[in-house]
Amino acid sequence: MADLLERRYKTLGPYSPLFYAQPLEFVRAERVWLTAADGQRYLDGYNNVPHVGHAHPRVVEAIAQQAGTLNIHTRYLNHRVVDYAESLLATLDAPLDRIIFTNSGSESNDLALRIANQHSGARGLLISDFSYHGHTQALAVATTGLVAHEGLGAHVRPIRVPDLDAADASRPEAEVLASSLAEVDAAIASLQEAGHGVAAVLFDSLFSTEGLNRVPSGYVAGLAKRVRTAGGLVIGDEVQSGFGRTGRSFWGHQNHGIVPDLVTMGKPMGNGHPIGAVALSAALLDEFGPRNMYFNTFGGNPVSAAAGQAVLDVLAEEGLVERAASGAAGIRAALEGLRRDHPWIGPAKGEGLFFGFDVYDRPVGEAGAVPDPGRTKAIVEAMRARNVLISRIGRTDSVLKMRPPLAIEPGEVGILVETLADSLAEVEALSRT
Ligand SMILES: Cc1ncc(COP(=O)(O)O)c(C=O)c1O
């Protein structure tokens, strides 16, 4: 392991992040279990890319079968790609009736920005404060959730997304809604005054990098309305919240009662095979298409389409979205139970199989209680020591992040929660010493 780490540093450099004080090396995985090089098995409570389960036989077979038959770029007719486009569009609401395939979430968001800029004739962009949408140049200047040397673009305005569970907890929801939307109005006015205009708002329906903020009802709809009134487009980034992750709906934006103008996707779409997409209306594509010869060598190749179709088929046949919904209720109850023993953790956050809670340095509500990243990190490491993988997110890295493959069984959710109980007890005992 030490040798592999050294070789990685010597070839890839030391800057690409690795999880854990002692990084893990995995050699194979099946459904929600990963096997490390030393033979130990780990329960995957973290990874959303193997959405329907690691190495799902249907997805593996679809990829292998198509790769053994034909794989080619996108300038020839191929029924797999069109079949998949039809299946994917069937999950989306009107007027989203066209798809452009890409290879990643970053590429999808970059393209969506390009379409929005051309449509609006403006560059101004609203994003939430402490978010991440990808690694291209256009997205690096709109990144607030991790380090990007470019700094914020002059045309970008971060808006603070409210969280009814955290700092805003003591204020009435209607008041939080009004002040948050007033902040959106101010950001739009500032973009207009600076001459940038408004091209788009780009947001993740779960506000996941931000820390799974619980926003007031009507917040996202109010945000979308304001951006559209200012001439901009609404880009729903479904890289995290899409494909049934939230259980309540197939797409995260549906939980907020809106239909974005552009929906971007990636991560879970191919269960690990790199594929992404932008969904949009025919009207918007007909505006963008004739002005740009958009061609993407790998985007929408037959093998990627076969992987994507297999994911949709498995989701439907195994009822995984419904399972995410039914599992979520039990998880919430279990997390609330943990709060009784450990009052320094906040209420259950998130939706469906993307859940977590804030971790504080003392009981929630006690004078002076502040988020505690050290404790949060200690919980993640304590879970790893018990062979369960989770992580942390949020502005201060003090929101526990759990996001298992949708294939997780109720008994395995039980293991996750029991291990969490043991880890919380260990960390609490340590903080007393
Ligand atoms: C919300 C969101 N959008 C976009 C991306 C970028 O996707 P990719 O890494 O596939 O380019 C990420 C990656 O973590 C993400 O979380």
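**Close-up views of a predicted model**

View 1. Leu125 has Val156 of E6 as its bridge partner. Like everything shown here, this pair comes from a predicted model.

View 2. Look for helix H6 (residues 173–193), which lies across E5 and E6 and runs at about 170° to E6. Helix H7 (residues 219–229) also packs on the sheet, where it touches E5, E6, E7 (200–204) and E8 (233–237). The direction of H7 makes about 160° with that of E7.

**View 3. The open sheet of seven strands.** Follow the strands in the order E4-E10-E9-E8-E7-E5-E6, and you will find mixed pairing. Strands E4 (98–102) and E6 (156–159) stand at the edges with a single partner strand each, so one side of each has no neighbour in the sheet. On average, and ignoring direction, neighbouring strands are turned by 20° against each other.

**View 4. The shell around the ligand.** Residues surrounding the ligand include Asn109, Tyr132, His133, His135, Asp237 and Gln240. By type, the shell divides into two nonpolar, eight polar and two charged residues. Its largest share, three residues, comes from helix H4 (residues 105–120).

View 5. A ligand oxygen sits 2.5 Å from an N or O atom in the side chain of Ser106. A polar backbone atom of Gly105 is 3.0 Å from an oxygen atom of the ligand, and a polar side-chain atom of Lys267 is 2.9 Å from a ligand oxygen. Taken alone, the ligand exposes 390 Å², of which the protein buries 84%.

How values were computed
Residues numbered from 1 in each chain as written. Predicted model: local features only at pLDDT ≥ 70, side-chain atom pairs only at ≥ 80, totals over all residues. Heavy atoms only, no water. Near = heavy atom within 4 Å. Polar contact = N/O pair within 3.5 Å; in protein donor to acceptor, adjacent residues only side chain to side chain. Areas by Shrake-Rupley, 256 points an atom, 1.4 Å probe, with all protein chains shown as cover. Helix = DSSP H or I, 4+ residues; strand = E, 2+ residues; numbered from the N terminus. Nonpolar A, V, L, I, M, F, W, Y, C, P; charged D, E, K, R; others polar. Pairing = 2+ DSSP bridges. Axes fitted to C-alpha atoms, helices over the stretch in contact; angles between N-to-C directions. Contact = heavy atoms within 4.5 Å.
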